[in-house]
Amino acid sequence: MQTVLPDYIPIMFFCLLGIGFVGSAFVVSWLLRPKAPSSEKCAPYECGEIVRGTARIQFNIRFYLIALIFVIFDVEILFTIPWAVVFQKMGMQAYLDMVAFIVVLALGLVYAWKKGALEWQ
Amino acid sequence: MTPFLMEMAWLVLKGVMALTFIAVSAMFLIWLERKVSARIQNRVGPMITGFHGALQSVADTVKLLLKENIVPTGADFWVWWLAPFFVAVPAIMVFVCMPFGPSAIVCDLNVGILFMCSVTSVSVLGIFMAGWGSSNKYSLLGGMRSAAQIISYEVPLLLSILVVVMEAGTLSMQGIVHAQEAGWFFLKPNLLVAFIIYIISATAEVNRVPFDIPEAESELVAGYHTEYSGMKFAMFFVAEYTNFFIIAGIAATLFLGGWLGPLAPSPVWFLLKAYGIIFFLMWVRWTLPRLRMDQMMSFAWKGLTPVALLNVLVTGWLLVIKG
């Protein structure tokens with residue numbers, strides 16, 4: 001059936017559809033719901049205690065390390081996907097190239113592992 | 001011009017159908033989860049609203065629609081307000097290339113599975129925005145943990161999908177289904193390994209037990225959506241259960257032959273396989289205890305990722321010596 005429309009039209013349409021769905025749910029609820037805010041009601045939830053300090057706390061450096069390792073692996077997988085589609089037509093040479101690539105990456109993982117970047121206290 | 005308008009009308013119709021399916025499926029899954037958990041814990045679950053509580057989700061939706069909207073003091077308003085969009089809109093966009101049947105697909109993109117993976121990753125942003133914007137310590141911790149968990153399990157998840165792409169030689173969802181006409185993928189040993197890795201990482205991707213640290217009720221209240229009420233909370237919930245259906249649908253398409261099957265019409269087979277996986281994951285949720293944060297992270301990086309990398313190399317070797 002899809003012959004005339006370019007592929008990105010359905011994607012854009014579904015994006016707008018999603019925004020419309022969430023937006024209209026918000027609008028309907030805005031029309032129906034009671035509006036009676038008070039300072040106690042709007043205080044951030046802390047198990048009923050009076051809020052102490054700010055929520056913008058310093059968090060563990062581990063989260064940054066995990067994010068860095070993730071970016072490396074994610075980019076690597078993005079490189080590998082086009083190869084995965086065509087490597088059967090290209091034979092042994094393409095396979096060995098990718099083995100070298102993945103081995104280098106695996107060495108990186110071993111390095112991060114030995115350095116303790118994957119430990120989580 | 002006329003064929004263009006025809007196709008636009010057809011697209012709008014498909015969009016409405018997809019949206020209806022998403023809403024009904026999310027409500028059904030919430031009801032099913034309550035019933036399954038009740039049966040496993042020797043209770044009966046919701047029984048009053050409709051036949052065996054079948055209308056309970058509808059009643060809950062109406063209730064949430066009428067609930068007051070509470071903006072926490074000190075919240076980063078726009079970040080807080082936009083977070084439900086960033087979580088729910090990607091879940092709807094994925095349905096562009098979810099193959100329900102040979103022709104029951106909105107648009108069979110030639111980069112189908114890559115598109116699905118990239119769009120679902122956007123929801124991490126929404127989760128972190130919710131955690132950061134709420135000005136609540138539980139939300140922030142839940143959001144941080146959730147983001148760390150989702151990106152960690154993204155790596156083995158993508159590597160297991162990579163194995164399927166190598167086997168099928170295409171990224172198109174329909175192409176992957178057609179590649180399985182000779183035999184469903186999970187029957188091959190290397191793809192069975194990929195299937196197991198996929199199921200484990202996908203469970204972590206949607207923050208379900210045993211990987212529900214971000215929402216660990218006993219320590220973080222409700223994680224990143226602690227401060228959301230009414231319709232905004234409902235959007236997180238709908239997105240959660242839609243993502244649940246999406247991972248099951250992708251698993252059914254990539255490993256269990258998608259809509260392929262004898263006798264019954266193809267959408268029936270697809271839904272049967274997807275809901276079979278969903279039932280299995282619900283069963284797991286109400287059976288296993290929760291993992292600890294450090295155990296969970298080391299399992300992703302030291303357990304699943306090396307195995308998945310090795311699986312890519314072995315699959316490549318098998319395919320190269322075969323052809």
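Mentor: Let us begin with a pair of helices in chain B, where helix α8 (residues 189-205) and helix α12 (residues 293-322) pack at an angle of about 150 degrees, with their axes 10 Å apart. This is a predicted model, in which local features need pLDDT of at least 70 and side-chain atom pairs count only at pLDDT 80 or more, while totals for chains, interfaces and linings use all residues. Residues are numbered from 1 along each chain as its sequence is written, and chains are lettered from A and ligands numbered from 1 in the order in which they are written.

Trainee: Why are α8(B) and α12(B) called roughly antiparallel?

Mentor: Axes are lines fitted to C-alpha atoms, for helices over the stretch in contact, and angles run from 0 to 180 degrees between N-to-C directions. Angles under 35 degrees count as roughly parallel, over 145 as roughly antiparallel, 65 to 115 as roughly perpendicular and the rest as oblique. The angle here is about 150 degrees, and α8(B) and α12(B) are therefore roughly antiparallel to each other.

Trainee: Which residues of α8(B) and α12(B) meet?

Mentor: Two residues are in contact if their C-beta atoms, placed from the backbone, lie within 7 Å. B:Asn190, B:Val193, B:Ala194, B:Ile197, B:Ile200 and B:Ser201 in α8(B) meet residues of α12(B) that include B:Leu304, B:Val307 and B:Leu318. By class, this contact of α8(B) with α12(B) holds 9 nonpolar, 4 polar and no charged residues, where Ala, Val, Leu, Ile, Met, Phe, Trp, Tyr, Cys and Pro count as nonpolar, Asp, Glu, Lys and Arg as charged, and the others, Gly among them, as polar.

Trainee: How many helices and strands does chain B have?

Mentor: Chain B has 12 helices and 0 strands, counted as DSSP runs numbered from the N terminus (helices are H or I, at least four residues; strands are E, at least two).

Trainee: What makes chain B as compact as a globular protein of its length?

Mentor: The radius of gyration is taken over C-alpha atoms, and the globule rule is 2.2 Å times the number of residues to the power 0.38. For the 323 residues of chain B the rule gives 20 Å, and the radius of gyration of chain B is 20 Å, close to that value, so chain B is as compact as a globular protein of that length. Buried residues make up 54% of chain B, a residue being buried if 20 or more other C-beta atoms lie within 10 Å of its own, exposed if 12 or fewer, and partly exposed in between, with C-beta atoms placed from the backbone.

Trainee: Is chain A compact or spread out by the globule rule?

Mentor: Chain A comes to 3 helices and 0 strands. Its radius of gyration is 25 Å, well over the 14 Å that the globule rule gives for 121 residues, so chain A is more spread out than a compact globule. The C-alpha trace of chain A spans about 70 × 55 × 15 Å along its principal axes, and buried residues make up 17% of chain A.

Trainee: At what angle do α2(A) and α3(A) pack?

Mentor: Helix α2 (residues 62-90) and helix α3 (residues 92-115) of chain A pack at about 165 degrees, with their axes 10 Å apart. That makes α2(A) roughly antiparallel to α3(A).

Trainee: How many residues does each chain give to the contact between chains A and B?

Mentor: The contact takes 57 residues from chain A and 67 residues from chain B. On the side of chain A that touches chain B, α1(A) gives the largest share, 15 residues, and the residues of that side divide into 46 nonpolar, 6 polar and 5 charged.
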